[in-house]
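User: I'd like a close look at one part of this model, the place where two of its chains meet. Could you walk me through it?

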There are 4 protein chains.
Amino acid sequence: MLPFAGELSVRKLVTASQVRVGFIGLGIMGLPMAANLLRSGFPVTVWNRSRPGIEAALASGATEAASPRAVARSSDVLITIVTDSPDVEAVLFGPDGAADGLRPGAVFIDMSTISPAVTRDLAGRLAQRGVAMLDAPVSGGEGGARSGTLAIMVGGEREVVERARPLFEALGKTIVHVGPVGAGQTVKLCNQVAGAIHLLAMSECLVLAQKAGVDPAKMLEAVSSGAAASWMLSNLAPRVLDRDFAPGFMIRLQQKDLRLALAAAQELELALPGTALVHQLFHALEADGAQDEGTQALVRTIEAMAGVEVRRGG
Amino acid sequence: MLPFAGELSVRKLVTASQVRVGFIGLGIMGLPMAANLLRSGFPVTVWNRSRPGIEAALASGATEAASPRAVARSSDVLITIVTDSPDVEAVLFGPDGAADGLRPGAVFIDMSTISPAVTRDLAGRLAQRGVAMLDAPVSGGEGGARSGTLAIMVGGEREVVERARPLFEALGKTIVHVGPVGAGQTVKLCNQVAGAIHLLAMSECLVLAQKAGVDPAKMLEAVSSGAAASWMLSNLAPRVLDRDFAPGFMIRLQQKDLRLALAAAQELELALPGTALVHQLFHALEADGAQDEGTQALVRTIEAMAGVEVRRGG
Amino acid sequence: MLPFAGELSVRKLVTASQVRVGFIGLGIMGLPMAANLLRSGFPVTVWNRSRPGIEAALASGATEAASPRAVARSSDVLITIVTDSPDVEAVLFGPDGAADGLRPGAVFIDMSTISPAVTRDLAGRLAQRGVAMLDAPVSGGEGGARSGTLAIMVGGEREVVERARPLFEALGKTIVHVGPVGAGQTVKLCNQVAGAIHLLAMSECLVLAQKAGVDPAKMLEAVSSGAAASWMLSNLAPRVLDRDFAPGFMIRLQQKDLRLALAAAQELELALPGTALVHQLFHALEADGAQDEGTQALVRTIEAMAGVEVRRGG
Amino acid sequence: MLPFAGELSVRKLVTASQVRVGFIGLGIMGLPMAANLLRSGFPVTVWNRSRPGIEAALASGATEAASPRAVARSSDVLITIVTDSPDVEAVLFGPDGAADGLRPGAVFIDMSTISPAVTRDLAGRLAQRGVAMLDAPVSGGEGGARSGTLAIMVGGEREVVERARPLFEALGKTIVHVGPVGAGQTVKLCNQVAGAIHLLAMSECLVLAQKAGVDPAKMLEAVSSGAAASWMLSNLAPRVLDRDFAPGFMIRLQQKDLRLALAAAQELELALPGTALVHQLFHALEADGAQDEGTQALVRTIEAMAGVEVRRGG
């Protein structure tokens with residue numbers, strides 16, 4: 001008896017162990033997420049492009065399968081969290097792809113951050129096979145993945161979202177159903193657009209304080225709880241004061257997400273001048289070899305143009 | 001016995017009624033601030049360019065004086081909160097100006113948002129007369145002024161700041177001494193720079209959601225408590241959803257503050273490309289006659305370029 | 001005896017009729033270019049996705065072939081001028097693609113504006129078949145195509161460029177060999193970057209004059225021959241004064257080219273903030289349905305933000 | 001008999017020696033301009049803030065006067081070419097100012113680049129004394145000043161412009177009457193706006209070519225005569241290839257002019273996002289101590305963000 005078959009009511013979904021979960025993508029985010037699913041009692045079958053992720057998942061109690069298709073065959077719900085649109089496409093429709101293994105009635109949940117348009121296309125192709133798709137990108141970083149406190153932005157049919165809710169609850173704290181398939185990715189891009197521009201705000205106010213001879217730590221103390229408050233100012237600006245540019249969220253991934261946002265804006269015929277400016281300024285950091293540093297390093301582009309360095313004490 | 005004379009220790013400043021406060025500038029912010037000082041027991045003498053502010057202050061228990069100079073003569077501490085640098089200059093050094101009325105040992109506190117450079121210049125001229133100056137611009141709006149919960153960013157000599165602390169505590173909740181004279185204004189400009197850029201972030205993510213067919217209210221629900229969180233997103237974006245563009249903080253004043261920030265950046269030889277972009281985009285609203293609307297109206301510039309209108313429900 | 005075989009010296013290429021030319025892409029640019037080749041004595045075999053272009057070429061004396069492969073089979077030199085990278089890829093490597101028809105020793109010349117990276121990739125794949133590739137995008141528009149006065153920016157091996165020179169001379173006036181394969185496309189993108197930013201310059205100075213109450217025609221008369229001179233100001237600004245927004249060069253194609261430029265900048269890790277700004281501002285025109293209007297319509301985005309319309313007479 | 005009195009027809013203005021010219025501001029531009037007036041037969045009385053300019057003018061045949069007022073007293077037409085708005089105000093209305101020396105019927109011509117609004121204000125104050133004013137800023141640089149080939153953009157009453165034409169013809173080649181008083185300055189700002197944005201276009205296309213591995217000299221050869229042509233690309237880009245950053249036009253003055261343009265845009269409620277971006281990017285050069293270098297140095301800001309240096313040969 002398959003717990004996700006259409007005829008079963010949501011209420012019957014009482015036992016996590018009845019739902020067999022497939023999980024593909026055991027990176028910084030995926031590995032702790034798979035572990036949280038196991039901890040919540042879901043049996044999890046995994047596949048990953050490289051060995052170390054698999055070994056770590058096996059150590060947490062997962063079962064290994066030989067290919068995306070093999071994972072799909074033994075799963076009621078298949079979750080992916082990989083890098084970009086082509087990666088999700090390859091997992092589903094590449095050689096030994098998962099699409100051929102998913103049975104009608106199964107649910108495919110992509111938790112990567114990819115193109116909303118590609119998402120809708122994939123959902124359409126899966127629907128022809130009787131497979132429902134949710135896009136459920138996350139926010140909250142490695143910390144949120146470990147502690148199971150991610151924010152999850154879910155796109156898809158309401159009924160499917162409800163069926164998947166127990167899994168989401170094992171992974172995150174804020175679970176918002178934002179609209180039909182693709183809407184989750186759109187909201188994630190909104191999140192990235194706002195966050196990226198907030199990094200520019202942070203950079204400009206830090207460098208302004210520093211170059212004006214004011215201790216940027218004092219500036220932060222005065223402004224970060226008022227109308228200029230932002231998560232970036234509270235969480236990343238202090239790291240700038242300590243010249244700590246470790247990620248956090250890597251510039252390489254930030255830029256991928258801004259590319260997706262700007263590509264969506266292009267399809268939608270929508271001017272995003274602030275997003276475009278930040279995307280260009282990040283190129284200066286890429287040119288400097290900082291792809292794997294944290295996004296707070298954006299401040300260095302503004303610093304370089306000002307000839308100063310932001311430091312605690314001013 | 002003058003309570004602010006140099007030889008008196010801070011500790012002696014026990015009784016508010018011993019400190020005679022002069023207050024110039026009885027507008028939206030100044031009037032409730034003067035009332036809070038009266039409520040805390042300070043005797044307050046006032047002057048204002050127009051009658052209505054004076055009448056309201058008299059009703060709260062203030063005393064009227066005939067000119068800035070007359071206010072200064074009867075005050076130990078003189079507070080101004082007016083619009084821009086030339087207004088402060090006129091109050092101090094114009095005809096019947098306050099500078100001629102301030103006795104040596106008095107303290108002048110400017111709570112307007114004006115140029116840091118002009119602030120330092122005024123402080124220098126007052127120092128020659130034995131008058132100490134603090135710059136203490138505020139954040140928190142009319143609401144904060146009424147409830148006495150303003151954030152106050154204070155620049156000046158530590159000892160003078162401590163002497164003035166009882167007054168600040170009658171007016172605000174967060175009082176941060178950020179550096180020497182002028183530093184308060186610099187920090188206020190940092191606050192305005194960050195806030196203005198956050199408005200652009202808000203505008204771009206709202207319009208992206210709307211034009212992509214996602215309910216912007218759902219988007220806000222999903223993103224406004226995570227890494228993209230900002231005061232603007234939490235407080236002003238919901239007003240955009242309701243098409244409520246009442247101020248809040250008027251575009252006219254926002255633009256004045258961005259002009260001050262960009263002028264400071266020019267003196268400091270500092271590129272603020274995000275601030276400059278937002279300042280230009282606000283010009284489109286000014287051209288549309290929206291000077292007296294709230295700053296959240298920035299979204300209309302992005303909407304106009306996209307041909308959509310952000311609305312609850314998408 | 002094949003005229004383009006390696007052992008033949010350039011000098012032997014005396015008779016145009018010895019070189020059989022294949023031509024794919026009979027649009028606004030391609031059709032008059034094919035006609036110019038015929039006029040110069042080259043025998044031309046054509047293929048096009050739609051009939052009208054073919055009929056017109058036949059009327060000029062071309063021969064029709066049934067597929068890209070068939071064109072390639074009967075050609076010593078194959079020329080393409082189509083819209084974008086995927087179009088060139090489809091012509092070469094799609095079903096019945098030209099690559100299978102080109103014999104070793106043949107030359108493939110792509111005169112479309114496409115990605116430099118895709119160009120290098122295609123050249124590599126063709127080299128494995130013994131086919132040399134040149135990228136030779138053009139500037140000068142429909143007028144230049146008709147009159148045979150195009151500017152042609154050629155990338156590829158010097159020797160191959162020299163062999164193809166007689167064809168280029170039938171098509172254009174300025175023929176510059178700018179570097180190895182892909183360099184032609186890079187230079188074309190430089191051309192588009194500069195031109196697009198010049199359109200922003202034109203737009204801002206026209207609207208500044210208009211809104212300041214100065215006749216923009218007088219402004220142009222005064223500035224367009226000095227240090228602010230540009231082709232755009234001399235050629236497109238007068239059309240703005242007449243509210244003539246017919247293409248010229250369509251916004252749709254301008255945006256495609258800016259996308260290519262920004263994608264190249266991304267690969268190169270290079271910040272192009274001016275290009276990115278113009279690309280976003282053009283989105284406002286796309287949102288307004290102006291994709292097929294001329295690029296001079298960019299002025300309407302600046303006008304809309306200013307609430308004025310540029311007109312002769314001010 | 002005063003040659004500029006209203007009752008005299010233009011035709012009677014046959015002899016240059018009848019018109020006594022006062023000239024204030026003997027800098028890089030003013031000195032050769034005064035010399036050209038002398039060469040054309042006008043008697044010229046001069047004043048300057050510093051000695052060297054005066055000595056050089058005396059050597060060319062000018063007469064010295066002791067103050068702006070003294071120059072004005074002995075002149076039918078008074079010309080100024082100084083740095084900024086306050087300098088013109090000081091010359092006219094400062095101590096020993098020229099306004100007190102100008103007789104009714106005299107003409108005041110300001111050839112500096114200053115604020116259009118200040119220009120209109122000065123014209124109004126002079127009109128009350130019966131003195132007509134023209135604003136006649138110039139383009140063409142030191143070279144144009146020496147060779148008498150400046151472009152002159154003239155604002156003012158038509159009749160006054162005609163009376164002054166013989167003087168303009170001694171100084172420039174393109175003399176355009178662009179509108180009423182202040183219009184000359186507005187047009188000059190349009191010129192500066194377009195030119196500054198063209199410098200950004202130049203910088204972006206040069207760095208794109210360089211970083212893509214294409215010889216920027218080849219790129220210039222291919223693009224600078226087509227639709228991307230500009231005076232900047234033809235005249236300043238070659239200097240970049242030679243790493244020659246000598247002025248030409250100093251960054252310090254360019255920034256002053258962009259400040260004037262952005263201040264005018266602010267008064268007019270007009271968004272100039274391209275101008276604002278370039279103004280900010282120039283701040284990076286000011287921070288680097290490059291104020292007195294030529295404006296072509298803007299390329300170094302784009303280079304710094306890309307980690308490359310544009311050089312002939314690529």
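User: How much area do chain D and chain C bury between them, and what share of it is on carbon and sulfur atoms?

Analyst: Chain D and chain C bury about 4700 Å² between them, and 73% of that is on carbon and sulfur atoms. Buried area here is the accessible area (1.4 Å probe) that two parts lose on being put together, summed over both.

A quick word on what you're looking at: this is a predicted model, where local features need pLDDT of at least 70, side-chain atom pairs count only at pLDDT 80 or more, and totals for chains, interfaces and linings use all residues. Residues are numbered from 1 along each chain as its sequence is written, chains are lettered from A and ligands numbered from 1 in the order in which they are written, and side-chain values use heavy atoms, with hydrogens and water left out.

Now, who touches whom? Chain D puts 54 residues into the contact and chain C puts in 54 residues, with contact meaning heavy atoms within 4.5 Å. Look for Glu204(D), Leu208(D) and Ala227(D): they supply 13% of the area that chain D buries against chain C, more than any other three residues.

What you do get is 10 residue pairs in polar contact, both partners at pLDDT 80 or more. A polar contact is a pair of N or O atoms within 3.5 Å; within protein, one must be able to donate a hydrogen and the other to accept it, and residues adjacent in sequence count only if both atoms are side-chain atoms.

On the chain D side, the elements that each supply at least two residues to the face touching chain C include the strands β8 (150–155) and β9 (172–179) and the helices α8 (183–211) and α13 (273–287). Helices (H or I, at least four residues) and strands (E, at least two) are DSSP runs, numbered from the N terminus. The largest share, 19 residues, comes from α8(D). By class, that side of chain D has 37 nonpolar, 12 polar and five charged residues. For that tally, Ala, Val, Leu, Ile, Met, Phe, Trp, Tyr, Cys and Pro count as nonpolar, Asp, Glu, Lys and Arg as charged, and the others, Gly among them, as polar.

Then there's the symmetry. Chain D can be laid on chain C with an RMSD of 0.0 Å, using a turn of 180° and a shift of 0.0 Å along the axis; copies are superposed by least squares on the C-alpha atoms of residues with pLDDT of at least 70 in both. Ser230(D) is the residue of chain D that comes closest to the rotation axis, with its C-alpha at 2.0 Å. The same surface serves both copies, as 100% of the contact residues of chain D recur in chain C.

Chains B and A make a contact too. It takes 53 residues from chain B and 53 residues from chain A, and the area buried there is about 4700 Å², with carbon and sulfur atoms giving 73%. Between chain B and chain A, the count is zero salt bridges and 10 residue pairs in polar contact.

Terms used: Salt bridge = Lys/Arg side-chain N within 4 Å of Asp/Glu carboxyl O.
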